[in-house]
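This report describes one protein chain in plain terms. Please look at the sequence and the model before reading on.

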Amino acid sequence: MGVREILFEIDREIAQLKRARALLKGAASGNGFHLNGAGKNGRKKNHHLTAEGRKRIAEAQKRRWEKERKAASGR
């Protein structure tokens with residue numbers, strides 16, 4: 001395959017991607033479908049953890065680390 005053929009294939013793929021992008025962009029603007037987790041106003045939705053939730057996650061991770069340390073030491 002020569003350079004011309006390769007360039008032709010690349011241009012063809014770029015055109016297909018541009019069409020797909022345009023379709024997705026059109027769908028995103030009208031159907032309540034939002035990209036990148038953005039809400040209707042275009043801003044990302046923030047998900048907050050409570051102090052209790054952070055503490056539970058930290059404790060669970062410490063238990064996982066302890067389990068790994070015990071397994072690595074051969075107990």
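The side chains of R12 and E9 form a salt bridge, with N and O 2.9 Å apart. A salt bridge here is a side-chain nitrogen of Lys or Arg within 4 Å of a carboxyl oxygen of Asp or Glu. Both R12 and E9 belong to helix α1 (residues 3–30), where they are three residues apart, about one turn of the helix. An α-helix has 3.6 residues a turn, so residues three or four places apart point the same way.

R12 is partly exposed at 41% relative accessible area, and E9 is partly exposed at 27%.

## How the model was treated

This is a predicted model, in which local features need pLDDT of at least 70 and side-chain atom pairs count only at pLDDT 80 or more, while totals for chains, interfaces and linings use all residues. Residues are numbered from 1 along each chain as its sequence is written, and side-chain values use heavy atoms, with hydrogens and water left out.

## The chain as a whole

The protein chain has two helices and zero strands. Helices (H or I, at least four residues) and strands (E, at least two) are DSSP runs, numbered from the N terminus. Of the 75 residues in the chain, 7% are buried. The chain exposes about 7400 Å², and carbon and sulfur atoms supply 56% of that area. Accessible areas come from the Shrake-Rupley method with a 1.4 Å probe; for residues, only the protein chains shown count as cover.

## Helix α2

Helix α2 covers residues 51–73, and its 23 residues should span 33 Å at 1.5 Å a residue; the end C-alpha atoms are 33 Å apart, which agrees. The expected span is 1.5 Å times one less than the number of residues. Two of the 23 residues in α2 are buried, so the helix is hardly covered. After α2 comes G74, with a positive phi near 90°.

How many salt bridges does a search of the whole structure find? The search finds three. One of them joins E52 and R56 (3.2 Å, N to O). E52 and R56 are four residues apart in α2, about one helical turn, and both are exposed. Another joins E66 and R69, whose closest N and O atoms are 3.0 Å apart. E66 and R69 are three residues apart in α2, and E66 is partly exposed at 34%.

## A nonpolar patch

M1, V3, I6, L7, I10 and I14 make a nonpolar surface patch of about 610 Å². Patches are made of residues with over 30% relative accessible area and no salt bridge: like charges are joined within 9 Å, nonpolar side chains (Val, Leu, Ile, Met, Phe, Trp, Tyr) within 5 Å. M1 lies in the segment before α1 and is exposed, at 78% relative accessible area.

Note on methods
Buried < 20%, exposed > 50% of the residue type's maximum accessible area, 1.4 Å probe, protein only.
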